[in-house]
Amino acid sequence: MKRSLALGLSLTLLAAPVMATEKETLKERQDRLSNQLEQSKKAQVETDAELEVTEAQRDAVSTEIRAVNERLEGLSEQIAVQQVEADAARSELEATRQQLAAQGQYLEGQKALLSERLRVLQIHEDRSYLQVVFESRSFGDFVTRLMTAQTIAEQDRDLIHSYMHEVERLETLETTQRTQLSFVKQKERELVVTKQALDQAATEKHALLSELNEQVELLELEQMTRDEEQALMNEQRRIIASQLDAIATAEREQAEAEARAKQEAEAKAAAEARARAEATERAEANQETVTPQAPPAAEPEAVTAPVSTFLRPVSGYVSSRFGPRENPLTGAPESHRGIDIVNATGTPIVSAAPGIVIKAAEATGYGNVVFVSHVVSGQVWTTVYGHLDSITVTAGQTIGAGQTIGTLGNTGWSTGPHLHFELHRGEWAPGQPNAVDPGPYIGY
């Protein structure tokens with residue numbers, strides 16, 4: 001693998017005149033990545049701590065909400081019981097009122113009869129007993145009439161007492177039931193007021209829980225993004241280490257080749273010297289002059305020139321350019337760190353230059369994405385191809401300019417099929433500080 005990588009780089013990126021410069025560039029890039037990785041890890045620790053605190057707050061609020069909900073359930077049951085009791089008290093009071101009304105009608109009739117009897121007795125009070133005596137036809141009839149008159153008088157008295165007692169009983173019962181109903185309704189109102197206060201508290205707790213959930217989601221997203229950043233930077237460091245190994249291998253092979261060439265040249269020069277000495281000796285012996293011949297000139301080694309331009313990764317029209325814009329998902333202002341090129345889903349996406357794939361997987365926001373590291377004219381570049389429908393390369397793979405790396409899609413934070421293309425002068429880093437407008441480089 002190292003040998004094939006070294007061979008590829010020696011043919012395309014690591015020509016002898018720029019090898020030393022590129023080695024220095026890669027080491028500087030490796031140092032920057034190490035510093036950025038340390039900063040990302042420190043930020044990760046802070047995010048983890050903040051997430052832990054926020055989750056603890058969320059758990060505490062959730063516990064409070066459960067307690068409030070339990071109290072609300074208990075109050076709801078108590079209110080339901082009080083409502084049943086109030087309904088029963090109202091029914092009893094209504095029944096008593098109906099009884100009182102019916103009894104009142106009955107007593108009104110009895111009162112009319114009694115009043116009439118009292119009026120008759122008052123008018124005929126002096127004659128009553130005389131009539132009983134003188135109108136009797138016999139002594140037995142007299143006794144019967146007298147007892148009847150006494151019975152009627154006693155019934156009149158009983159009727160009056162019964163009337164007064166029943167009125168007092170019903171009035172007392174109505175008063176008691178009114179008092180009971182008032183007590184039940186007062187208790188019901190108190191429970192309703194308490195429940196309203198708890199409902200308000202529950203609403204506030206739910207709002208706080210919702211806010212904490214959003215904070216947890218943002219922190220988890222930040223945590224996930226940090227993990228992805230660190231994975232990407234580690235992969236870039238691995239690629240750089242491989243490139244440095246390839247350079248070291250190429251330098252070693254070049255040194256060995258130079259040593260072999262030097263040995264061969266020295267051996268050839270020695271052989272030629274011996275040949276000339278022998279020829280001189282023969283010429284002297286034969287009295288002939290021999291003209292020495294110069295060694296043939298070595299043919300220059302053919303070196304492929306480094307790539308100096310970027311290819312357009314896909315055809316189509318640009319829907320969103322590099323720079324300030326409103327986020328199409330949230331409407332919030334942001335800095336767009338690439339360009340969006342619209343075409344149909346499934347359209348092939350090609351690499352803008354030869355290089356090594358750093359990442360080929362799903363990433364937060366990008367959806368399916370491919371990161372490629374390039375060395376163009378001694379300068380390190382990184383290209384990013386986001387929202388792909390499919391990916392056809394793998395991390396660590398060496399690819400050529402124009403090679404298909406995937407197909408156009410609508411994955412991640414996207415509002416329609418398009419390619420989000422980024423160009424970074426140097427390595428990709430958190431916050432994308434190295435991003436440049438790709439438009440001029442690919443003809444848009």
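## A buried threonine in a loop

Thr347 is buried, because its relative accessible area is 16% and buried means under 20% relative accessible area, with exposed meaning over 50% and partly exposed lying in between (1.4 Å probe, protein chains only). This threonine is found in the loop between β4 (339-342) and β5 (348-350), where helices (H or I, at least four residues) and strands (E, at least two) are DSSP runs, numbered from the N terminus.

The side chain of Thr347 makes a polar contact with the side chain of Asn343 at 3.4 Å; a polar contact is a pair of N or O atoms within 3.5 Å, and within protein one must be able to donate a hydrogen and the other to accept it, while residues adjacent in sequence count only if both atoms are side-chain atoms. If neighbours within four places in sequence are left aside, Thr347 is in contact with Val314, Gly406, Thr407 and Leu408, contact meaning heavy atoms within 4.5 Å.

## How the model is read

This is a predicted model, in which local features need pLDDT of at least 70 and side-chain atom pairs count only at pLDDT 80 or more, while totals for chains, interfaces and linings use all residues. Residues are numbered from 1 along each chain as its sequence is written, and side-chain values use heavy atoms, with hydrogens and water left out.

## The chain as a whole

The protein chain has five helices and 12 strands, and buried residues make up 32% of its 444 residues. Among the contacts between residues at least 6 apart in sequence, 71% join residues at least 24 apart.

Strand β2 (residues 323-326) and strand β3 (residues 333-336) run antiparallel and are joined by four bridges; two strands pair if DSSP finds at least two bridges between them. Gly323 stands opposite His336 in β3. Six residues lie between the strands of this hairpin, in which Gly331 takes a positive phi near 80 degrees.

## Aromatic pairs

The structure holds six aromatic pairs, where rings of Phe, Tyr and Trp (its six-membered ring) pair if their centres lie within 6.5 Å, and planes under 30 degrees apart count as stacked, over 60 as edge-to-face and the rest as tilted. One of these is the pair of Phe310 and Trp381, which is edge-to-face because the ring centres are 5.4 Å apart and the planes stand at 75 degrees. This pair links distant parts of the chain, since Phe310 is in the loop between α4 (139-286) and β1 (317-320) and Trp381 is in strand β8 (residues 379-391), 71 residues apart. Phe310 counts as buried at 9% relative accessibility, and Trp381 is buried with a relative accessible area of 8%.

Tyr366 and Phe371 also form an edge-to-face pair, with 5.7 Å from centre to centre and 80 degrees between the planes, and both of these residues are buried.

His387 has a phi near 65 degrees, a positive value in a residue other than glycine. His387 has its place in strand β8 and counts as buried at 6% relative accessibility.

Gln432 likewise has a positive phi, near 55 degrees, and is a residue other than glycine. Gln432 lies in the loop between β11 (419-425) and β12 (435-436), and at 15% relative accessibility Gln432 counts as buried.
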